[in-house]
Amino acid sequence: MSSPPHMQSFRDLSPAGAPGMKRSRFTYRHIQQLAASSTSCPLRVIAHLDLDCFYAQVEMVRLGIPDDKPVAVQQWQGLIAVNYPARSFGIGRHCNVSEAKKLCPDLIHQHVATWREGDAKWDYHPDAAANMATHKVSLDPYRLESRKILAIIKEELPPHLQKVEKASIDEVFMDLSAQVHTILLERFPELANPPPYDDPTEMLPMPSITALDWQADALVDLPDENAELEDPDWDDVAILIGSEIVRKVRIAIKDKLGYTCSAGVACNKLLSKLGSAYRKPNQQTVLRNRSIQHFLSDFKFTKMRNLGGKLGEQISQMFHTDTVKDLLSASVEQLKSKLGDDTGVWVYNTVRGIDTSEVNPRVQIKSMLSAKSFRPSITSFEQAVRWLRIFAADIFSRLVEEGVLENKRRPKTINLHHRHGTQTRSRQGPIPQGRKLDEESLLELARNLLSQIVSEGQVWPCSNLSLSVGGFEDGVTGNMGIGAFLLKGEEAQASKTGSGTATVDSETEIRPAEKRRRLDNGGIERFFAKRELSHGANPGLGSDDTAISGQSGQRLGTLKEEVMSGEPAGSEGVGKGDEVYNGKSESEPGPIITLTCSRCNASLDSPEELQSHQDWHFAKELQEQERVSQTFVNQPSASSSRAGNQKSTSTMPKRQGRPKKVERGQSKLKFG
Ligand code: TTP
Ligand code: CA
Ligand code: CA
């Protein structure tokens, strides 16, 4: 069995130094790298923290429900969060309320907060579940708590050494390396000595301790007892210090807010995330470097992050196995030739627990979206405006929450999508700068966009409306070329999260555990989706139907059936983040169903993804059209000249000539 290359190389180099004197596998340089939180440092300490049954805990704390009572959070008739006492009755997200009540008659089921049509503020409405047509789910209570948790984490860590990335509504990654470095030097001052011969590649002495006190942490087992007897090296000490920090953070969250969470501590994001899910609730798992191989070899790779879906399935077919252990014998060349270079290397590393991705503390909101699918459809301008009022209030409260207004990172564009049958119309306009931005002004802008759409003629009944603001990042004034296209892409991405059917999965057979894992697909699957897209969208590449682009799978007709067969539409995706952080949606997306785009054969995991993917086609076509007519930058067309708005109408799905060439900027679009 092979070991991660970086570990291998240290083993090769060690033991070194004077005969009879055992040296560490690590060098003085590694200690320096630790101080700099270098992603290639083998002593790196990364923690992942995930709140236990998050929405359920928020409701329990809010309502003062004792810890041992079974509680679930309800959205319409479905459950979106289930606390651990309720899970012991076999209740999960797959249950609807009546099934859950059969399993546990004492279950407390609290409906999420909603905005009622026309209301200016969300609230907990006792009749929400029965009024899906006139209510819209609000995630504000969970967002607010999420922010408080983040604030506590940041308070607990030294300001100048912290690196915290919010990974979803209830998760953060922390790069503890720099702080661990400081503590290491305090406890082991010998580490501050200059290296022998001033050569930073010299091996360190072994730590001056032989036993580490792991306290109550769940330590991942080692393959045999002898491995446990091996003296601790600096990576063990570093991770132990990391674990102490994480314990303090978890205690602070519990003491100040009443929430328990679970955590994983390891040398990278991939492993720390596996660690936090390893034992729940209210536990932390330490994954020492020496236990990585053993830990992973017990895994089916199809259960690893981003390998739960189609890619994992394809790999198991290709290599006739689904275990990490077996896949370790595949060489990187083999994987590259079967999966393509990037994916091959990624899979090779992943099954070895190697991940050099950075913990990225920058919170970059790129767009915010508020949307609602209507069943029954709405039929008048006045009715639509009542929803726009809610969307405007929803978006505005999030702008305030984010401190966006103070930070002067105002959104610069506003976009309204309107769906009538299979036809989607959208209008985008600038948000005037230098004027007060508030709910009223947002509503006014949205109403203008709606008026323009309505003036087109046959627009009722309308089955979906979505309002979004964007352009936070780069001043787009006067430059609506590729930037505007990218914005549309992001909004398309965001719109998938806002307007889907949240509990479609109630009729699919995805087990909740698997579902959750697949939902966590953060980065790489987006990357795969992009690859698929570029395969499909660029005939110049040929039909490179490798494992990635996959079989054609279901057609759009299937999607429709699945959407219909799920929760009656009209739900708007609770648990579907609609702020895009670092390119990821704030909370977990909806259920995963593998679907295929009828236009380019890309495989998508959910109706929402398919929708956003098609929105991408739409945006792309729009861009093409606008480029051709050269009206994009400076010459708004007559019908959209008001406020310089852009106009578009599309009928989806629409087959047009395939776009000729993949744009360079395309790779920036996220579809995951
Ligand atoms: P998760 O962290 O996936 O789950 P959880 O916190 O409820 O439970 P666990 O203890 O296993 O971590 O999701 C966080 C919140 O996101 C969850 O409380 C509710 C919301 N969510 C949905 O609304 N729909 C979903 O399908 C999922 C997976 C989560
Ligand atoms: Ca959680
Ligand atoms: Ca989570």
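Author: I begin with a loop residue: aspartate 198 is found in the loop between α7 (177–187) and β10 (203–205), where helices (H or I, at least four residues) and strands (E, at least two) are DSSP runs numbered from the N terminus. Because its relative accessibility is 62%, aspartate 198 counts as exposed, the classes being buried under 20% relative accessible area, exposed over 50% and partly exposed in between, with a 1.4 Å probe and protein chains only. The C-alpha atoms of aspartate 198 and tyrosine 28 are separated by 9.6 Å, although the two residues are 170 apart along the chain.

This is a predicted model, in which local features need pLDDT of at least 70 and side-chain atom pairs count only at pLDDT 80 or more, while totals for chains, interfaces and linings use all residues. Residues are numbered from 1 along each chain as its sequence is written, chains are lettered from A and ligands numbered from 1 in the order in which they are written, and side-chain values use heavy atoms, with hydrogens and water left out.

Turning to the chain as a whole, it has 22 helices and 22 strands, and buried residues make up 60% of its 672 residues. Of the contacts (heavy atoms within 4.5 Å) with a separation of 6 or more, 72% are between residues 24 or more positions apart. The chain exposes about 26,800 Å², of which carbon and sulfur atoms supply 51%, the accessible areas coming from the Shrake-Rupley method with a 1.4 Å probe and, for residues, only the protein chains shown counting as cover. Elsewhere in the chain, both aspartate 50 and leucine 51 are buried.
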